[in-house]
Amino acid sequence: MEKTRLGQTDLMVSKLGFGSIPIQRIPEDEAVAVIRRCLELGITYLDTANAYTTSEGRIGKAIAGERDGLILSTKSQARTREGIASHLKQSLDQLGAKYIDLYLFHNVSDLKNLETVLDPHGPMAVLKEAKRTGQIKHIGITSHQIDTAKEAVKSDQFETIMFPFNVVACEAADELLPLARKHDVGFIAMKPLAGGMLDDATTAFKFLLQFPDVVPIPGIERIPEIEEIVGVLEGPREMSAAEQENMRRLRQETGNQFCRRCDYCQPCTVEIPISTVMAFPSIARRMPRESLVSGFLADAMEKAANCTECGDCEERCPYHLPIREMIASYVELYQALKNT
Ligand code: SF4
Ligand code: SF4
């Protein structure tokens, strides 16, 4: 598979990366088989996170003895020195790796959070030291909020930025991507299939292939999914008239249903974590039922049932999502799952 230079890291990664959220919900032997098939198809860049439960360990099992030549990327949502040090150690153990190529501050949600990760005496100090000792090779960041992502790139403290980018949510192409290019920050596209909302892989990936320096990391659960995407990469890249028409249709139909998880809609008057609730259908497709009806997601959905429909959040959403309507239907979906 062709390789792409990941900005100033100078890492040459496969044009497609492997997103590992969905392998949490399948049996371990299947997860290992999916990862191995991805490697056979030429994927050399594997992305995971401390937050993705079994994912790091499963990747570790699948790549045991084959670490050389692979680019491993993982992330932490910890914002303290102790927290990130402990996550890093855990990741190295789980992955069975002596070093991690790319370590990311996960989900830096706003400017205040960015300030915390940029503090030279905070968790950044731990990563800089880990870089000095060779435990990690490069430091990056992930965010869903465009203003935060732009400031992160401008800070010149991160070598890569991971941001939602797909055929229906392509705002990053306007300013963020050009800025990343200017600062030579590698651009990794999360949610290339809009969190599972896009079932037309051809249109989705032909769109992304127009950006030669962008590295998409689709979440893969089943072998045929990755085979289909690799097929798109190997075929003609120009969009046919029908595909262009399909792109317009997808934008019309799903553009105002796709939550970017930016949290501009907050604060909710009754403290509903709106972006978590918005992710419910997508997570429901990828996670085991038990993770949906207990824990943080279930808490969010229980709170969502208290929505007063005041509409304040909708006025703040830059993407004009019909938040009230979406919350009501996701609460219904959650209740149905809970009762099965
Ligand atoms: S409409 Fe519902 S989710 Fe939005 S701010 Fe009001 S209570 Fe919160
Ligand atoms: S509902 Fe709108 S403002 Fe809120 S997180 Fe989603 S896209 Fe952002």
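Author: First, the residue classes. Ala, Val, Leu, Ile, Met, Phe, Trp, Tyr, Cys and Pro count as nonpolar. Asp, Glu, Lys and Arg count as charged, and the others, Gly among them, as polar. The model is predicted.

On that basis, the shell around ligand 1 has eight nonpolar, three polar and two charged residues. It holds 13 residues, of which Cys268, Cys307, Cys310, Gly311 and Cys313 come nearest.

Ligand 2 has a shell of eight nonpolar, one polar and three charged residues. Cys259, Arg260, Arg261, Cys262, Asp263, Tyr264 and Cys265 belong to it.

With 29% relative accessible area, Asp263 is partly exposed. Pro267 also deserves a look. It lies in the loop between helix H10 (241–254) and helix H11 (274–278). The peptide bond from Gln266 to Pro267 is cis, with omega near 0°.

Now the domains. The domain assignment gives domain 1 as 3–246 and domain 2 as 274–338. Their centres, taken over C-alpha atoms, are 25 Å apart. Contact between them involves nine residues of domain 1 and seven residues of domain 2.

Next, strand S5 (residues 71–76). Six of its six residues are buried, so S5 is largely enclosed by the rest of the structure. Ile71, Ser73 and Lys75 point one way from S5, while Leu72, Thr74 and Ser76 point the other way.

S5 pairs with two strands described here. Strand S4 (residues 45–47) runs parallel to S5, joined by three bridges. In this pairing, Leu46 stands opposite Leu72. S4, helix H2 (residues 55–63) and S5 form a right-handed β-α-β unit. Strand S6 (residues 100–105) also pairs with S5 in the parallel sense, over four bridges. Here Leu104 of S6 is the bridge partner of Lys75. A right-handed β-α-β unit is made by S5, helix H3 (residues 81–95) and S6.

Asp156 sits between helix H6 (146–154) and strand S8 (160–164). Its phi is near 60°, a positive value in a residue other than glycine. Its relative accessibility is 47%, so Asp156 counts as partly exposed.

Technical notes. Residues are numbered from 1 along each chain as its sequence is written. Chains are lettered from A and ligands numbered from 1 in the order in which they are written. This is a predicted model: local features need pLDDT of at least 70, side-chain atom pairs count only at pLDDT 80 or more; totals for chains, interfaces and linings use all residues. Side-chain values use heavy atoms; hydrogens and water are left out. Buried means under 20% relative accessible area, exposed over 50%, partly exposed in between (1.4 Å probe, protein chains only). Two strands pair if DSSP finds at least two bridges between them. A crossover is right-handed if, with the strands pointing away from the viewer, the path from the first strand over the helix to the second runs clockwise. A residue is near a molecule or strand if one of its heavy atoms lies within 4 Å of it. Domain bounds come from an automatic or database domain assignment. Contact means heavy atoms within 4.5 Å.
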